[in-house]
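Student: I should like to learn how to read the features of a protein model. May we work through one together?

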Amino acid sequence: MTAAASPTTSAPPMVSLQHVDKHFGDLHVLRDINLDIPAGQVVVLLGPSGSGKSTLCRTINRLEPIDSGEIYLDGTLLPDEGRDLAALRAEVGMVFQSFNLFAHKTILENVTLAPIKVRKKSKADAEAKAMELLRRVGVAEQRDKYPAQLSGGQQQRVAIARSLAMEPRVMLFDEPTSALDPEMVNEVLDVMVSLAEDGMTMVVVTHEMGFARKAARRVIFMADGAIVEDTDPDSFFSSPASDRARDFLSKIL
Ligand code: ADP
Ligand code: MG
């Protein structure tokens, strides 16, 4: 076991997957995934296209049902369905490649909607918290605009603020910068780095090696639905242990 994988405290891991398997028809898309992520750890998930990275992210909040195995959030087993699942799912924020903002709501409304509806916050409280988050991601002055009036980088920062407004305990990012023009990538990565520095537990699918080296404690490399390597970023990038990882790195670096 590497240092990166050992828990830092005796508390339960923030996220724990045990013997998780999943098929899409005949395709075995997750193969016996075992993964403990301690609170506050930042994990970068890498692997070739089709290796199961998005599916793995989506199983963590049960957007994808699994065939077998267990998933625990801070020690609590995720049920297959029902109200308890909805409550636990609200603890996991997710940011996708496409920003998925509500087109007909203002930036401020995008961020206050779920806290008012799901968390039953008052409008005033939700707006105060939303403005704090919009300031944090650098788009407070856009509060009354609609998503289409913002750049892609600004929209993705709003999407991050919207997730944070639910006060999640874990944040999942699935290729959050791959739909952005190159000059906007860093403004989104900077927000993610600052979240990491503040101690958020994060799982990040990204090919941005700068982010991995700067913010991640751990790199997990997947191929064909299995975890092939689980190590720290320096070891992974300088001396990958498997042929699959060496081949992957030769294509992206
Ligand atoms: P990655 O994010 O690493 O590119 P995915 O998790 O998206 O990989 O996909 C893993 C495999 O599962 C791919 O072969 C993909 O085509 C397949 N797949 C993903 N979603 C579905 C689905 N809803 N139905 C059938 N096959 C799927
Ligand atoms: Mg994917």
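Student: What is the mean pLDDT of the chain, and what percentage of its residues reach 70 or more?

Tutor: This is a predicted model, and a reading begins with the predictor's confidence in each residue. Here the mean pLDDT of the chain is 93, and 96% of the residues reach 70 or more. The model also scores pTM 0.93 and ipTM 0.98.

Student: Let us turn to the strands. In what order do the 4 strands of the open sheet stand?

Tutor: In general, strands of a sheet pair through backbone hydrogen bonds, in either a parallel or an antiparallel manner. In this structure the order is E2-E1-E4-E5, and the pairing is antiparallel.

Student: Which strands stand at the edges?

Tutor: They are strand E2 (27-37) and strand E5 (76-77). Each has a single partner strand, so one side of each is left without a neighbour in the sheet.

Student: How many bridges join strand E1 to E2?

Tutor: Strand E1 (residues 15-24) is joined to E2 by 7 bridges, and the two run antiparallel. As an example to locate in the view, Lys-22 has Leu-30, in E2, as its bridge partner.

Student: Now for a helix. Why does the distance between the end C-alpha atoms of helix H5 agree with its number of residues?

Tutor: An α-helix has 3.6 residues a turn, so residues three or four places apart point the same way. Helix H5 (residues 152-164) has 13 residues, which at 1.5 Å a residue should span 18 Å; the end C-alpha atoms are 18 Å apart, and therefore the two agree.

Student: Is H5 mostly covered or mostly uncovered?

Tutor: Helix H5 is mostly covered, with 13 of its 13 residues buried.

Student: How much space lies in the largest pocket, and which residues are closest to its centre?

Tutor: The largest pocket holds about 530 Å³ of space. It is lined by 22 residues, of which Val-92, Met-94, Arg-162, Ser-163 and Met-166 are the closest to the centre. Strand E6 (92-95), helix H3 (107-117) and H5 each give two or more residues to this lining, and E6 gives the most, with 4. By kind, the lining residues divide into 14 nonpolar, 6 polar and 2 charged.

Student: Finally, why does Ala-223 count as buried or exposed?

Tutor: The cut-off for buried is under 20% relative accessible area. Ala-223 has 5% relative accessibility and therefore counts as buried. Ala-223 is found in strand E9 (residues 218-223). The C-alpha atoms of Ala-223 and Ile-116 are separated by 41 Å, and these residues are 107 residues apart along the chain.

Terms used. Residues are numbered from 1 along each chain as its sequence is written. Chains are lettered from A and ligands numbered from 1 in the order in which they are written. This is a predicted model: local features need pLDDT of at least 70, side-chain atom pairs count only at pLDDT 80 or more; totals for chains, interfaces and linings use all residues. Side-chain values use heavy atoms; hydrogens and water are left out. The expected span of a helix is 1.5 Å times one less than its number of residues. Buried means under 20% relative accessible area, exposed over 50%, partly exposed in between (1.4 Å probe, protein chains only). On a 1 Å grid over the protein atoms alone, a cavity is a set of points where a 1.4 Å probe fits but cannot get out, and a pocket is an open set with protein on both sides within 12 Å along at least five of seven lines; lining residues have an atom within 4 Å of a point. Grid points are joined across faces, edges and corners, and a volume is the space filled by probe spheres set on the points. Ala, Val, Leu, Ile, Met, Phe, Trp, Tyr, Cys and Pro count as nonpolar, Asp, Glu, Lys and Arg as charged, and the others, Gly among them, as polar. pLDDT is the predictor's confidence in each residue, from 0 to 100. Two strands pair if DSSP finds at least two bridges between them.
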